[in-house]
Every structure is written in structure tokens, then in C-alpha cells.
Amino acid sequence: SDNPVIFVKSFISPIKAQEITMGDNIIKIKVATVSERALLIGRNSNNLKSLKETLGKYYKGIENVVIQ
């Protein structure tokens with residue numbers, strides 16, 4: 001997808017994000033529960049690192065991903 005927000009929504013599925021926003025080259029993902037946040041980050045931040053690497057590869061302007 002050309003839209004990084006839609007890409008992130010698909011990437012993190014089946015986790016349902018309450019809100020995914022993009023501003024100042026930062027993607028912000030808001031989830032409802034602590035367990036969803038833990039799944040999104042992953043052990044040793046592996047899931048988060050994978051998301052950041054993939055976003056960096058396909059969307060050059062993205063600098064960071066923040067999970068709330």
C-alpha cells in the first residue's frame with residue numbers, strides 16, 4: 001500500500017489498534033490493553049524491530065514507531 005498507516009494496520013494484524021496516526025515522520029500506534037502492547041513489541045523487542053526495519057525499507061521518510 002502507498003499509505004504507511006494502512007500498511008502498519010495490516011502488518012500488526014490480528015492485533016487491533018485503537019488508532020494509528022502519522023505525524024512528523026513518526027508512526028504512533030495506540031492499543032487497548034497491556035497484553036496487546038506486549039504482543040506488538042515482542043520478546044527482546046523483536047516484533048517492533050521487524051516493523052521498524054520493514055517500514056524503513058518501503059517508506060523512506062519514517063523515522064520511528066511509537067506504541068502507546
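In which strand is Asn64 found? The views below, taken from a predicted model, begin with this residue.

View 1. Asn64 belongs to strand β3, which spans residues 64-67. With a relative accessibility of 30%, Asn64 counts as partly exposed, because that class lies between the limits of under 20% for buried and over 50% for exposed. Leaving out residues up to four places away in sequence, Asn64 touches Asn25, Ile26, Ile27 and Lys52. With Lys52 there is a polar contact, in which the side chains of the two residues are 3.2 Å apart. Glu36 stands 28 residues from Asn64 along the chain, and the C-alpha atoms of the two are separated by 19 Å.

**View 2. Helix α1 and its buried face.** Helix α1 covers residues 4-11, and Pro4, Phe7 and Val8 are buried in it. Seen down the axis of α1, these buried residues fall within an arc of 100 degrees, so they line one face of the helix. An α-helix has 3.6 residues a turn, so residues three or four places apart point the same way. The buried residues of α1 pack against strand β1 (19-23), strand β2 (26-30) and helix α3. On the face turned away from the buried side, α1 carries the exposed residues Lys9 and Ser10.

**View 3. The N-terminal end of helix α1.** Asn3 caps this end of α1. A side-chain oxygen of Asn3 lies 3.0 Å from the backbone nitrogen of Val5.

**View 4. Thr54 in helix α3.** Thr54 lies in helix α3. Its relative accessible area is 18%, and Thr54 is therefore buried, the limit for this class being under 20%. When neighbours within four places in sequence are left aside, Thr54 is in contact with Phe7 and Phe11. Phe7 is also among the buried residues of helix α1.

**View 5. Packing of helix α2 with helix α3.** Two packed helices are described by the angle between their axes and the distance between the axes. The axes of α2 (residues 34-41) and α3 (residues 46-58) come within 5 Å and cross at roughly 60 degrees. Leu39, Leu40 and Ile41 of α2 make the contact with Asn46, Asn47 and Leu48 of α3. By class, the contact has four nonpolar residues, two polar residues and no charged residues.

How values were computed. Residues numbered from 1 in each chain as written. Predicted model: local features only at pLDDT ≥ 70, side-chain atom pairs only at ≥ 80, totals over all residues. Heavy atoms only, no water. Axes fitted to C-alpha atoms, helices over the stretch in contact; angles between N-to-C directions. Helix = DSSP H or I, 4+ residues; strand = E, 2+ residues; numbered from the N terminus. Contact = heavy atoms within 4.5 Å. Nonpolar A, V, L, I, M, F, W, Y, C, P; charged D, E, K, R; others polar. Buried < 20%, exposed > 50% of the residue type's maximum accessible area, 1.4 Å probe, protein only. Arc of directions from axis to C-beta. Polar contact = N/O pair within 3.5 Å; in protein donor to acceptor, adjacent residues only side chain to side chain.
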